[in-house]
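Biologist: I would like to learn how to read a model like this one, feature by feature. Could you walk me through it?

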Amino acid sequence: GAVGAYIGVPLAGAISAMALPLFLVEIGLLIALQFVKNKPGINLLVMFGFVFMTGITLSPLLAYTLGMNGGGVIVGNAFAMTAVVFGAMSFYAIKTTTDFTSYTKPLMIALLVIVGFSILNIFIGNPMLHVMISGAVVLLFSVLVIYDTQNIMNGAYETPIDGAIALYLDFLNIFTALLQLFGIFGSDD
């Protein structure tokens, strides 16, 4: 992810222009991963390809944030905060006696509601709604870290790659949402 972002930031303008095709490649790699996850070697290549693409598609947001006044600090803080949240939630998942793996349905409903509001806000463009959506994403994916960690502990994933991708996506979504929130509150607008 970091390599993709590093390569992508200088090309952020071109990447923004190609956002949809790149996003489709990203989704394609994620789907492909389901077909090759049991094939050693190829599964890792596809997984790294997917992680690389997520870095590429994240780079316009990173470039925008880095271009802001104190942008480097904002990116650093968002990353540090993500690591703290992720670590705390993983630790909680291991220590708690509550079984979060039974919460599949409410978590998926919450995810669909957030996606729905995100799509709606593409057309409305309400900054306050954007802040609320980003906050909800941080909360939901923090709970999903617990959910995915417990699923890994229970051996619910078919392969280690499934668990790794689940946790990677939790981390990525928390980081992206925090980056947007810190960016919103750090900007002069």
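Modeller: Gladly, and let us begin with Gly76, which lies in helix 5, residues 71–95. Helices here are DSSP runs of H or I with at least four residues, strands are E runs of at least two, and both are numbered from the N terminus. This is a predicted model, where local features need pLDDT of at least 70 and side-chain atom pairs count only at pLDDT 80 or more, while totals for chains, interfaces and linings use all residues. Residues are numbered from 1 along each chain as its sequence is written, and side-chain values use heavy atoms, with hydrogens and water left out.

Biologist: Is Gly76 buried, exposed or partly exposed?

Modeller: Buried means under 20% relative accessible area, exposed over 50%, and partly exposed in between, using a 1.4 Å probe and protein chains only. Gly76 has a relative accessible area of 37%, so it is partly exposed. From Ser90 to Asn173, 83 residues apart along the chain, the C-alpha separation is 15 Å.

Biologist: How do I check the length of a helix, say helix 4?

Modeller: The expected span is 1.5 Å times one less than the number of residues. Helix 4 has 25 residues and should span 36 Å; its end C-alpha atoms are 35 Å apart, which agrees.

Biologist: Where in helix 4 does a kink lie?

Modeller: A bend at a residue is the angle between axes fitted to the seven residues ending there and the seven starting there. In helix 4, a kink of about 40° lies at Ser59, shortly before the proline Pro60. Ser59 has 0% relative accessibility, so it counts as buried.

Biologist: What caps the N-terminal end of helix 7?

Modeller: Asn126 does, with a side-chain oxygen 2.8 Å from the backbone nitrogen of Met128. Helix 7 passes the length check as well: 27 residues should span 39 Å, and the end C-alpha atoms are 39 Å apart. After helix 7 comes Gly155, with a positive phi near 70°. Within helix 7 lies Asp148, which counts as buried at 6% relative accessibility. The C-alpha atoms of Asp148 and Ala166, 18 residues apart along the chain, are 6.6 Å from each other.

Biologist: What volume does the largest pocket have?

Modeller: On a 1 Å grid over the protein atoms alone, a cavity is a set of points where a 1.4 Å probe fits but cannot get out, and a pocket is an open set with protein on both sides within 12 Å along at least five of seven lines; lining residues have an atom within 4 Å of a point. The largest pocket has a volume of about 1600 Å³, a volume being the space filled by probe spheres set on the points, which are joined across faces, edges and corners. Of its 40 lining residues, the closest to the centre are Phe23, Glu26, Val115, Asn173 and Thr176. Helix 7 gives the largest share of the lining, nine residues.

Definitions and conventions
A polar contact is a pair of N or O atoms within 3.5 Å; within protein, one must be able to donate a hydrogen and the other to accept it, and residues adjacent in sequence count only if both atoms are side-chain atoms.
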